[in-house]
Every structure is written in structure tokens, then in C-alpha cells.
Amino acid sequence: MEACVIRDFVAVLGRENVLTEPTELRTYECDGLTGCRVVPALVALPGTAGEVAAAVEVCARHGIPFVARGAGTGLSGGALPVAEGAVISLQRLRRVLDVDPVNRRAVVEPGVTNREISRAAAPHGLYYAPDPSSQQVCTIGGNVAENSGGAHCLKYGFTVHHVLAADVVLADGTVTTLGGDSPQQPGYDLLGAFIGSEGTLGVVTRVVVRLLPKPATVSTVVADFATVAAAGDTVTAVIAAGIVPAAVEMLDSLTVQAVEAAVGAGYTLDAAAALVVELDGPADEVAEQFDQVLALCRRHGSTKLRVAGDQAERELIWRGRKAAFAAAGRLSPDYIVQDGVVPRGRLGEVLVRIAGMADEAGLRVANVFHAGDGNLHPLVLYNGAAGELERAERLSTAIAELCVELGGSLSGEHGIGTDKACSMPAMFTEDDLHTMQRLRTAFDPAGLCNPGKIFPTPRLCGERPGPYRPHPLEAAGVIDRW
């Protein structure tokens, strides 16, 4: 990066907040998709919203592509840097600015972790509902970028359902507010467009989130099954009975073995599948529906029912479920966490198909997922040192595209990022992708904000990224653009 650009960053941030040394830059070369690595030319560490805007303005003035980064826990390569670009880290913006128990909302900076919001709200009997497995370390800015969900999204929805407003810095350094105090705002839903845009429309600097009262009663059960199909049928039966649990999670035998070795959460090692079902709400309602859930589990062949006897046991059960991704490291030196969605009624079918594809590729796949809404998280296990990365990437991509084939989608909550950009044409038409690009370039005409994500790019798929470029025949006046 040119010396004049570095000087401009230093002028607005201070020398100690501008990283240029190669060893320092390597810290930011990837997110949780560690198979993709790019070392940025510079890392900016703003400490205020004003400094974020100043850093973005420097990038705009010099035509420098930039990537906003939170905790780096994303799993789709959404925070992958650009080789000649800048990373704008938001880790110093970590304040909970306000908790308003009367209006049930909190105002936070983007570097605040997901769990910290609930901790700040807890004295008021409130909490923040979205709960990604990485909630101890993932930040609200990243949650907004990816529209994160978590285990309880079946009942409570995703980040988009819990954000009322956001201050954002657009790609030219302009600061604006999207949304407002009321959930119903006039005009276009620009906040809804921004949430889940994976950092391609701007950088969030302040978020107003909705808080919920803690439920009066919570009941949790782990149900073991002799087959994955029986567990999947149980999920379908529970939803068909008109019951909407707070969460329905499934772990296969491979995942259970890893979890038990890692944290000893008390899962049954010889179960082919384990369902974690949790209900919350008014005591009488939960009691009646929980009995129905237990009956449905028995009716579909559950081999063991473990009902959490107290809060400590419930927390242990969830500690096991939320440790699943990290625990996979006990199964394999390397793995890719995929993310796709299928209709609930096709869970059994997709798991059988994934097993067959894994056998054909000569690899193993561990499955842990949000069974209640069909959001799969297959973990493709491989050994990079043995030259298995390419096979693992092909299998991971094939699984994502299988979800689309079966009537689902490429992603439930991890985003498209770099990982699944080439698969977008499997789900969207050329007109769809063109329309998405037009929205993106309305926010970022120069294509500087997190380029190379979501959409197919030349390096990956032979298509041209960035803002719309007229075809030569259009420029010559031979054809018109519709």
C-alpha cells in the first residue's frame, strides 16, 4: 500500500491503531473458514464511530477496497481480506451504551459480544434472543452482517427480527441511520436490506436491539434414537402437532462422540441420533406441551429420554450442543462447517444422501443442526496435510447445492461469503443476481465495500464483479438496457 495512504490512515487513527507489519497482518488473514486466507495490506483499528467513518473515507478517497471485521468467527469467508486492501476492525467499539427496560431495548456498539447483551439486560429480567453457538465471542456487528440465528431461532427468529435501528457508515464515508424507534417505519425497508448483506453495503457502528422478558418456565429433554430417520420423523410430528418449541436440535453419533470427549455433557455414546428439544413460556402451557413432546418421542421409538432436572443440567446439555463445532477438532485435524436448509420433511432423505456422497468422496461428515427449521450444519472432516482439502471443498459445495435441489436454500445463517459465491446460480436466476447487484451498487457504486463476496467473481466463476458495466454494444448505442 502506498505510503501516502498509510499516512492518511495514521492521521485519522494514530500510528498505534494502524497495522502494517506482516506478522501483525497475518492475524487477520481469514475468518472461521480457514481454508481461504489472504493477507491484507493494512488493518485499521478505529475506536469510535467517527473514526470508522474517517477510515472508510480514506478508503473511498484512494479507491482502496476494505472489509469490516468483528471477531472473525464467521464460517463462510465473509471477512476474507482483499490482498491490496484494508481491514477495518471493530473490536475496539465494545460498549453497551444503554439498556432501556421500559421500552425493552438496548443500544450497543458492534464489537459487543452476543452474550454480553443478555448479561447487561439480565438485572432487568430481560435477554437478547438470538443465540449463535459462538455467542460468547461473536459480535453483534457480525450478527447483523450475517443475519445470525442460533438454536432458538425456530421460535424467536433471526437477528433481523430483533434489530430496531442501526447507525451505518456507507462506502463513501457517509453516516446514516437505518430504522428507528418503531418497528414499523415508512418507506423502503433499508434496515432489512442491510441486515444479512454480509458487509457489502456498509459498516455498522451502533445497533438498537429488542429485548425480551425471560420466559417463566423452561423445560428441556434429550431424546435418543436408534436411527437418524426416526429422530427426523419425530421433529416433523412435533411441529405437525401445532407445538413450536423454542429449539429442536439434532446431533448424530459422530458428533455426540466428539462432544462427549470434549465436555462430557452426558449424551449417550451409542445413540444414532440425539434430539435436544426445549420449550419455554407460561408454566401451564409448557407442562402440557412438554408431555406431548415426550409422548411423540416415545411413539417414534426413542430409546432414552433425559429430562433436565434443574438449570445446571439444562446448561450442561446446551454446553454440549454449543461445543459441537469446536469438538469436531477431536475427530479430524481439519474440517469445513457447511450451512444449508431443507424442508423439515426431507431431513431423513438429505442425511442419507449426504452419507452416500461422503462415502463416494472417501471422507466423513458429522451432522449437527437446527432440526426444527431444517437448517443443516454438516461438518466435512478432512486432513489437509494428506491432500484432502480439494475433495472436502467439492463435497461441501455439493452438499450446499443438494439443499437447493431438495427445495431448500444455500444458507440458513452462516451467509454466502466466499465459500458459496459460485453456487449462487444454483439458487438464483441471472435476473435475480442482477437485481441484487443493482441494490448493492446503489449503496456502493465503486464496489469497494467487501468485494468478492456473495456474487460469483472472475477468480472463482468467470463473471465480472462490482458495479454494472455497460456491454460494448450498449455503449455503442446498438442495444438498450432494460
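Colleague: What makes the contact between R94 and E116 a salt bridge?

Modeller: In this predicted model, the side chains of R94 and E116 come to 4.0 Å, N to O, and because the rule asks for a Lys or Arg side-chain nitrogen within 4 Å of a carboxyl oxygen of Asp or Glu, the pair counts as a salt bridge. The two residues belong to distant parts of the chain, with R94 in the loop between β4 (86-89) and β5 (96-100) and E116 in helix α4 (residues 114-121), 22 residues apart. By this rule the count comes to 18 salt bridges.

Colleague: Why is R94 called partly exposed, and why is E116 called partly exposed as well?

Modeller: Buried means under 20% relative accessible area and exposed means over 50%, with partly exposed in between; R94 has a relative accessibility of 42%, so R94 counts as partly exposed, and E116 has a relative accessible area of 25%, so E116 is partly exposed too.

Colleague: How do you know that E249 and R321 form a salt bridge, and are the two residues buried or exposed?

Modeller: The closest N and O atoms of E249 and R321 are 2.6 Å apart, and because the limit is 4 Å, the pair qualifies as a salt bridge. The bridge links E249 in strand β13 (residues 247-252) with R321 in helix α11 (residues 311-322), 72 residues apart, and both E249 and R321 are buried.

Colleague: What makes strand β14 (residues 273-281) mostly covered?

Modeller: Nine of the nine residues of β14 are buried. In a regular strand the side chains alternate between the two faces of the sheet. Here both faces are covered, with A273, L275, V277, L279 and G281 buried on one side and A274, V276, E278 and D280 buried on the other.

Colleague: How do you know that β14 pairs with strand β12 (residues 217-225) and with β13?

Modeller: Two strands pair if at least two bridges are found between them; β12 and β14 have nine bridges in the antiparallel sense, and β13 and β14 have six, also antiparallel. Within these pairings, A223 has L275 of β14 as its bridge partner, and A247 stands opposite E278 in β14.

Colleague: What makes β5 and β9 (175-179) edge strands?

Modeller: The open sheet has five strands in the order β5-β6-β10-β8-β9, with antiparallel pairing, and β5 and β9 each pair on one side only. The twist averages 15° from one strand to the next.

Colleague: What is the class of the residues where helix α8 meets helix α10?

Modeller: T234, A237 and V238 in α8 meet V293, L296 and C297 in α10, a contact with five nonpolar, one polar and no charged residues. The axes of α8 (residues 228-240) and α10 (residues 283-299) come within 9 Å and cross at roughly 145°, and the crossing is right-handed.

Notes. Residues numbered from 1 in each chain as written. Predicted model: local features only at pLDDT ≥ 70, side-chain atom pairs only at ≥ 80, totals over all residues. Heavy atoms only, no water. Helix = DSSP H or I, 4+ residues; strand = E, 2+ residues; numbered from the N terminus. Buried < 20%, exposed > 50% of the residue type's maximum accessible area, 1.4 Å probe, protein only. Axes fitted to C-alpha atoms, helices over the stretch in contact; angles between N-to-C directions. Left-handed = near helix turned anticlockwise from the far one by under 90°. Contact = heavy atoms within 4.5 Å. Nonpolar A, V, L, I, M, F, W, Y, C, P; charged D, E, K, R; others polar.
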